[in-house]
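The sequence and model come first.

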Amino acid sequence: MKIRTRFAPSPTGFMHVGNLRTALYEYLTAKHENGTFVLRIEDTDRERYVEGATQVIYDTMKLAGLEHDEGPDIGGEFGPYVQSERLSMYKPYAEKLVEEGKAYRCFCTKERLEALKENAPEGTGYDRHCRDLSAEEIQKNLDAGMPYVIRQKMPLTGSTSYHDLVYGDITFPNEDLDDQVLIKTDGFPTYNFANVIDDHTMGITHVVRGSEYLLYDAFGWEIPTYIHLPLIMGKSVDEEGNEVISKLSKRHGSTGFMDLINEGYLPEAIINYIALLGWAPKDTREIFSLPELIEAFDINGISKSPAVFDYDKLSWVNQEHIKAMSDEEFLEHAKPYYDEAGVDPSCYALLAELLKPRIAKFTEITEKLSFIKQYGDFELELFEHKKSKSTLESSKQMLEQAIPVLAQVQWDRDSITEAMKELAEKLEVKNSVVMWPVRIAAAGVAVTPGGCAEVMILLGREESLRRINYAYSRL
RNA sequence: GGCCCCAUGGUCAAGUGGUUAAGACGGCGCCCUCUCACGGCGCAAUCAGCGGUUCGAAUCCGCUUGGGGUCACCA
């Protein structure tokens, strides 16, 4: 049987990484077996409807590379793929359950339910007040036009169990199950009910979802294979200064896919990292492209325990993806920052080499290249460096000697480096004694991407000499 | 609180009765080196506890403890 999975987000305008990971695993589960990946929009909560939020979902899926085979925007034979457009389907199923005595109309008001909640001990559900209303009472209420919901009539005894590919057999006593609402007062189905109907009518074979949904639906159809995922946790600090670990949410910082993108993380790195949160390959590989994930993915590799989201490791994954880029790809991402820093296109190749191993995010380029535009009366102590045997005195001498050399040397990286080494040899000092002060004088900062030759290439001969002469004058 | 689930270093984790208990991130140190990175090498750090079962338990069972989730006309 061909595998069909579905990602069913609700359009809230925000894609949490937890949801994205669910989508990823749905996608991988299907694609690993050449199955079909369906996108379905769950917009049954009209109170939380957000304009344009559906577009955010499309954009995110596209950026992340998770292309669906069926969905609202591209159609498919199981449409429509938006729940609000399937509205007429749900009620008949609920009515059928009512007829069969498996569900009932509940006329309880919100007020009554709230009062119930307040007075009952915590953790007590609906009191099943309307579960056994007489036919007369029901008819009377209907005639009076009272609003109602349809609730599922859960069995009061026995237990329900089902098999989960990650957690194994899950069993819970029926008496603990609430008579949950299937159809709301407004006629819309609840998430759980619509899900079961949709998954069934769309032929979904495998349902992947977070383990917070572990309890639930027992409808009577052959149920799909469940794959419940351990939650993604976040680390935070509470009012008393204690470290707290809880379900990852907005208070843990950037947890939305777009937030992370804006912070400089690459889509493929985010995908790579979250794939590893709760799943491990058979070997020790850590860096994957999406096609490589499809190849390597195996449900058996999903773990049961919650995983803490670690921004440090995400950064490392991001860096690895950057290092693996071709110079062309690198330039595409780096270009805006180059323009901002004011670098010449002739330096692009050099910069790719210099920057690739030095940045974890492209946003860091600005800081790395800030010395190109900014130069001032830096602290002269920068010339002192014990390990390089550089002092204020030696620096002055070295700069004096280097200036004429730099004025006439062929202006390329190797020639400059060679010339500086020759100078050091001539003066019988370590390379670093001349190279350190030249680099400091040209850059005006202690830390630069690359050595003195690279710094000067980026600045150009004219600017380099101008700076070095100026620094020399200050010594 | 009821119910459900989970438990290997600070974090992600491999491990499915016999291993010196992998690997990665992070930390620390050394090497390389004109700075910072990259790279290389190395160090510290884990089977929550207690009972069983077994010739032998991180691996199986029970209890305890800890953590998390869930108890909506939200998804």
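Domain bounds here come from an automatic or database domain assignment. The centres of domain 1 and domain 3, taken over C-alpha atoms, are 19 Å apart. The contact (heavy atoms within 4.5 Å) takes 22 residues from domain 1 and 27 residues from domain 3. This is a predicted model, in which local features need pLDDT of at least 70 and side-chain atom pairs count only at pLDDT 80 or more, while totals for chains, interfaces and linings use all residues. Residues are numbered from 1 along each chain as its sequence is written, and side-chain values use heavy atoms, with hydrogens and water left out.

**Layout**
- Chain A is divided into domain 1 (4-72 + 197-229), domain 2 (87-191), domain 3 (233-323), domain 4 (327-373) and domain 5 (380-474).

**Buried area**
- Domain 1 and domain 3 bury about 2100 Å² between them, and carbon and sulfur atoms give 77% of this.
- Buried area is the accessible area (1.4 Å probe) that two parts lose on being put together, summed over both.
- Val 17, Tyr 25 and Leu 28 of domain 1 lose the most area to domain 3, together 26% of what that side buries.

**Salt bridge**
- The rule (a side-chain nitrogen of Lys or Arg within 4 Å of a carboxyl oxygen of Asp or Glu) finds one salt bridge across the interface of domain 1 and domain 3.
- A salt bridge joins the side chains of Lys 247 and Glu 212, at 3.5 Å from N to O.

Notes. Chains lettered and ligands numbered in written order.
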